[in-house]
Amino acid sequence: MANFKKLLIMLLNMDMDNTQQLYTPFYQAVAAASLNYDVSMVLTADAGLILKKGVAEKIFIEKSAHGPGARALYEFIRDAHNAGVKIFVCSPSLTHHQMTGDDLIRECTDIIGSATYIEMAMDEDTQVLTY
C-alpha cells in the first residue's frame with residue numbers, strides 16, 4: 001500500500017441542484033486535513049462557479065451530518081479553508097463564467113492552469129479524488 005502524504009480533490013462538473021453532491025468534497029477535505037494530510041482542491045469547468053462571491057452563500061444543504069437545520073455551502077468551503085485546505089480555481093473556468101479574480105471568495109487560494117494541477121496530480125506522494 002502506498003504511503004500518500006497529499007490529497008488532491010478535483011471538482012469538475014457539479015450539479016448545482018444536488019446539494020449533497022456539492023458539500024461532500026469539502027467535508028472530505030476537512031476530514032483529510034484533520035488527519036494531517038496536505039489537502040488541495042481544484043475547481044474547474046462548471047464547479048468553478050461555486051467560488052464566485054454570492055453563489056455558495058445561496059446554496060443550502062438541507063440534511064447533513066452536522067445536525068438539524070440548513071447550512072450554506074459557503075460554510076463548508078470556509079470550514080475547509082480554516083482547516084488548511086488549499087482551494088484553487090482553474091483559469092479556464094473563470095473565462096467560461098466571465099469572471100476575474102476579483103469575483104472570487106476570499107477562501108480561494110489562487111487561480112491555476114491545467115498544467116499546474118496536472119503536475120499536482122502526478123506527484124508520487126499524491127492521491128487524487130475526482131467529483
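## Reading a parallel sheet and its core

Reader: Which residue in strand 6 is the bridge partner of C90?

Author: The partner of C90 in strand 6 is I112. Strand 5 and strand 6 pair in the parallel sense over three bridges; two strands pair if DSSP finds at least two bridges between them. Strands here are DSSP runs (E, at least two residues) and helices likewise (H or I, at least four), numbered from the N terminus. Please keep in mind that this is a predicted model, where local features need pLDDT of at least 70, side-chain atom pairs count only at pLDDT 80 or more, and totals for chains, interfaces and linings use all residues. Residues are numbered from 1 along each chain as its sequence is written, and side-chain values use heavy atoms, with hydrogens and water left out.

Reader: How does the chain cross from strand 5 to strand 6?

Author: The path runs through helix 3 (residues 91-96), a right-handed β-α-β crossover. Right-handed means that, with the strands pointing away from the viewer, the path from the first strand over the helix to the second runs clockwise.

Reader: What is the strand order in the open sheet?

Author: Strands of a sheet pair through backbone hydrogen bonds, either parallel or antiparallel. Here five strands follow the order 6-5-2-1-7, with parallel pairing. Strand 6 (110-112) and strand 7 (126-130) each have a single partner strand, so one side of each is left without a neighbour in the sheet. Strand 2 and strand 5 share four bridges, and V42 stands opposite F88 of strand 5.

Reader: Is strand 5 mostly covered or uncovered?

Author: Mostly covered: four of its five residues are buried, meaning under 20% relative accessible area (1.4 Å probe, protein chains only).

Reader: Which residues touch the most other members of the largest nonpolar core?

Author: A nonpolar core joins buried Ala, Val, Leu, Ile, Met, Phe, Trp, Tyr and Cys residues through side-chain atoms within 4.5 Å. The largest one has 33 residues, and F26, M41, L43, L51, L73, I77 and I87 touch the most other members. Helix 1 supplies the largest share, six residues.

Reader: Which residues does F26 touch?

Author: Leaving aside residues up to four places away in sequence, F26 touches L11, M41, L43, L73, F76, I77, A80 and I87; contact means heavy atoms within 4.5 Å. Apart from this core lies another, of seven residues, including L8, M10, F88 and C90.

Terms used: Buried means under 20% relative accessible area, exposed over 50%, partly exposed in between (1.4 Å probe, protein chains only).
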